[in-house]
Amino acid sequence: MFLHDLSKFISHKKTKKTNGTILSLPQISYIRKYNEGNVYDEYMFEVLFQLGVQKKYLKYCLPRYADFASKLFVFGEGKEPIKYNNLVEELLPKVLDEKILEDKIKKINHQYFSRLPDYLLDKKIIPENRKLNSSDILVSHQAYCFTCPGCGYEFENVAQNWVLAKMKFDDQPRLFCAQCKGVPSGN
Ligand SMILES: [Zn+2]
């Protein structure tokens, strides 16, 4: 793939303002507790949350589209590949039954997003009648995940994902992801 080709790619990211409500950190924490019961739920949530892809592109975030060497979901001519991070990479080998995964993705609204609020309500972590959808996760991604200026992959704002690295030409250390540490691969 050449850089000049990138302009004709169709982006899987939303550039328009997305309607959704940013989840609080306690809510995210409880959602992860809920997900512990099912690795396919965990995978769908983390792909939406960690990578910020639109729900309609979730069906391309399958093991069969994963290029493990470059950590990309590559799924078709003219479509911008989706970069995935180390957390999604760790989950990929656990969701190899793509039939189950595709079925879960198809039913994400009727199953995952309709059951999750009951659990969170039971934990007294969301108000009654609060519905959840993929837009809430997308705006939460935008709030809590950042793009590494070194490698362009996205990571959540937890300490283990980030390091301060000092370059020879710079007085100040700068923030980079713990994977690339500010050193571009291949250099
Ligand atoms: Zn990086």
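**The largest nonpolar core**

Modeller: The largest nonpolar core has 29 residues, and those touching the most other members are Met44, Val47, Leu48, Val53, Leu58, Cys61 and Ile82. Keep in mind that this is a predicted model.

Where does the core come from? Six helices each supply at least two of its residues: helix H1 (25-35), helix H2 (39-51), helix H3 (86-91), H4, helix H5 (108-122) and helix H6 (134-144). H2 gives the largest share, with seven residues. In general, nonpolar side chains in soluble globular proteins tend to be buried together.

Take Leu48 as a way in. Set aside its neighbours within four places in sequence. Leu48 is then in contact with Val53, Leu58, Ser134, Ile137 and Leu138. Of these partners, Val53 and Leu58 are also on the list of core residues that touch the most other members.

There is also a second, separate core. It holds five residues, including Cys148, Cys151, Phe155 and Cys177.

Back to the largest core and to Ile82, another of the residues that touch the most other members. Ile82 is in strand E3, where it stands opposite Phe73. Strand E2 (residues 72-73) and E3 pair in the antiparallel sense, over two bridges. These strands belong to an open sheet of three, in the order E1-E2-E3, with antiparallel pairing. Its edge strands are strand E1 (66-67) and strand E3 (82-83), each of which pairs on one side only. As a rule, the strands of a sheet pair through backbone hydrogen bonds, either parallel or antiparallel.

Is Glu102 exposed, partly exposed or buried? Glu102 counts as partly exposed, because it has 14 C-beta neighbours inside 10 Å; a buried residue would need 20 or more. Glu102 and Tyr60 are 42 residues apart along the chain, yet their C-alpha atoms are separated by 9.5 Å.

Now the whole chain. It has six helices and seven strands. Along the sequence the pattern reads α-α-β-β-β-α-α-α-α-β-β-β-β. Of its 187 residues, 25% count as buried. Consider the contacts between residues at least 6 apart in sequence: 62% of them join residues at least 24 apart.

Key
Residues are numbered from 1 along each chain as its sequence is written. This is a predicted model: local features need pLDDT of at least 70, side-chain atom pairs count only at pLDDT 80 or more; totals for chains, interfaces and linings use all residues. Two strands pair if DSSP finds at least two bridges between them. Helices (H or I, at least four residues) and strands (E, at least two) are DSSP runs, numbered from the N terminus. A residue is buried if 20 or more other C-beta atoms lie within 10 Å of its own, exposed if 12 or fewer, and partly exposed in between; C-beta atoms are placed from the backbone. A nonpolar core is a set of buried Ala, Val, Leu, Ile, Met, Phe, Trp, Tyr and Cys residues joined through C-beta atoms within 7 Å. Two residues are in contact if their C-beta atoms, placed from the backbone, lie within 7 Å.
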